[in-house]
Amino acid sequence: MPVYLTYKNVAQAPEYCGKKNGYALDDKNCFWHTEFTSKRYILYDVNPPEGFNLRRDVYLRTSIFVRNLSEKSKKRYQWHLVLPPWGNLYHWRSTDIGPQKQIPWSTFFDLESLKKYVPVIEMHEFIKEYSQNSKTSAIDRVYILQNDEKMFETGNFDDKNQLVNCTPDALRKYQASSSGNYGAKFWGYSNVTANEVKCLVYHGTMSGLEENLYPDIYSSVMFDHMEIPLHDSYGTKEFWAARRSMRYNSALYEIANDFSQKYLKSNDSRDKTELPMDWTKEKSKRNALGGPYLCVHLRRRDFLIGRAGSVPTIKNAASQLSIKMEELNLQSIFIATDAENNEYNELKSLLNMYAVTRYTPSDSVKKLYKDGGVAIIDQIICSKARYFIGTHESTFTFRIQEDREIMGFPSKMTFNELCGIEKCKSRSSWKILW
Ligand SMILES: C[C@@H]1O[C@H](OP(=O)(O)OP(=O)(O)OC[C@H]2O[C@@H](n3cnc4c(=O)[nH]c(N)nc43)[C@H](O)[C@@H]2O)[C@@H](O)[C@H](O)[C@@H]1O
């Protein structure tokens with residue numbers, strides 16, 4: 001992609017640029033200066049093992065960063081955030097629904113809502129828009145962000161933003177071709193390449209990345225390992241505005257609502273869980289009642305190994321849930337879980353004095369919305385329960401808690417966790433700010 005703005009002023013354009021109608025043509029590709037002259041694109045990717053719900057948090061950090069860039073640049077540049085397609089996540093194990101890759105954000109989220117916070121475009125739109133007449137979209141510069149490994153040795157925790165030589169290991173994914181162009185198979189697209197790849201040791205918050213953008217030179221910059229920069233504004237009004245813009249695909253709400261009406265006697269208007277269509281019209285409230293059921297998010301699988309102390313046995317979970325059900329005088333329990341069937345069945349039989357249910361998607365729902373969509377349906381159902389109890393330090397649980405904060409539940413009905421086999425750990429409760 002040529003650097004449109006640099007040569008927009010013909011007087012400044014190098015001699016070797018062709019000139020036409022008072023504008024300069026790019027020397028390499030002879031692309032015309034068109035309406036894209038001030039468009040700038042930020043792309044990003046995340047460490048492959050990270051799960052769906054941490055990735056959603058990385059999106060929040062990045063969207064706040066891009067929105068701030070737009071505000072600072074005062075229309076000189078139109079900053080756009082390119083949404084990295086979803087795919088190949090470790091936890092998405094269903095094999096009967098075809099490959100789960102290059103999934104656009106619109107499968108899971110409502111793009112119009114996201115756009116009310118920051119201009120976003122899907123990767124496939126970017127490829128079309130950016131490549132113009134060319135066969136490939138070459139991102140101008142890619143930064144591979146790296147942690148400062150020496151920080152703990154030296155005890156120096158100052159912010160860091162330092163270009164370093166890339167090790168062959170860091171560059172493994174970015175093989176350079178004989179033309180010097182890097183073809184990384186970005187998200188599996190063979191027509192997306194990079195002109196330059198740099199390694200950057202980074203320690204600090206998102207806003208510090210700005211000094212690496214050089215928008216007069218580059219029109220597209222990508223950051224790999226975007227999970228490394230920290231939030232500038234975690235828990236602030238700005239954070240919550242970005243979070244509120246993350247409404248789900250309306251079809252997922254419909255599926256979740258149909259299920260809760262049918263099996264959990266839930267109804268938005270009676271349960272006071274209605275929200276305005278437009279998230280910017282939402283107002284602070286604490287009167288949500290929720291449907292007459294308790295929802296538990298029971299995280300298993302890798303948590304049983306990596307976080308064995310902070311998750312309960314099935315027996316113990318059942319006993320914690322029965323105590324709560326009695327206290328709340330409820331009859332129905334909804335279980336959101338990644339547990340194996342035998343664990344779910346054991347829990348269900350231990351709780352046989354209650355109506356225990358979980359959401360099982362039809363084949364067509366699975367095919368259309370994949371494992372990510374099914375996870376969101378579980379999250380929506382939990383977000384509307386009278387009482388929610390989650391799993392310690394699961395980002396899946398955190399996202400449900402945030403949705404409940406937005407809907408206006410009393411905090412004590414939301415910030416609850418199952419105690420693990422060791423002991424109950426202290427809970428975090430990040431309350432909404434308006
Ligand atoms: C400690 C870290 O924890 C992180 O997990 P954690 O935050 O729970 O949450 P996630 O990062 O979302 O990863 C968990 C994934 O497992 C599935 N999953 C978990 N619980 C449920 C559920 O109740 N219903 C459905 N439908 N699916 C569920 C779902 O695909 C979800 O994205 C891991 O991603 C990291 O790799 C790491 O292990």
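This is a predicted model: local features need pLDDT of at least 70, side-chain atom pairs count only at pLDDT 80 or more; totals for chains, interfaces and linings use all residues.
This passage looks at the overall build of the protein and then at the surroundings of its ligand. Residues are numbered from 1 along each chain as its sequence is written, and side-chain values use heavy atoms, with hydrogens and water left out.

The protein has 13 helices and 15 strands (DSSP runs numbered from the N terminus, with H or I over at least four residues for helices and E over at least two for strands). Its radius of gyration, taken over C-alpha atoms, is 24 Å, close to the 22 Å from the globule rule for 434 residues, so the protein is as compact as a globular protein of that length; the rule is 2.2 Å times the number of residues to the power 0.38. The C-alpha trace spans about 85 × 50 × 40 Å along the principal axes.

Now for the ligand. Around it are 19 residues, and Asn 53, His 91, Arg 299, Ser 394 and Thr 395 come nearest (a residue is near if one of its heavy atoms lies within 4 Å). By type, this shell divides into seven nonpolar, seven polar and five charged residues, with Asp, Glu, Lys and Arg as charged, Ala, Val, Leu, Ile, Met, Phe, Trp, Tyr, Cys and Pro as nonpolar, and the others, Gly among them, as polar.

Oxygen atoms of the ligand lie 2.6 Å from a side-chain N or O atom of Asn 53, 2.7 Å from one of Ser 394 and 3.5 Å from one of His 91.

Technical notes. A polar contact is a pair of N or O atoms within 3.5 Å; within protein, one must be able to donate a hydrogen and the other to accept it, and residues adjacent in sequence count only if both atoms are side-chain atoms.
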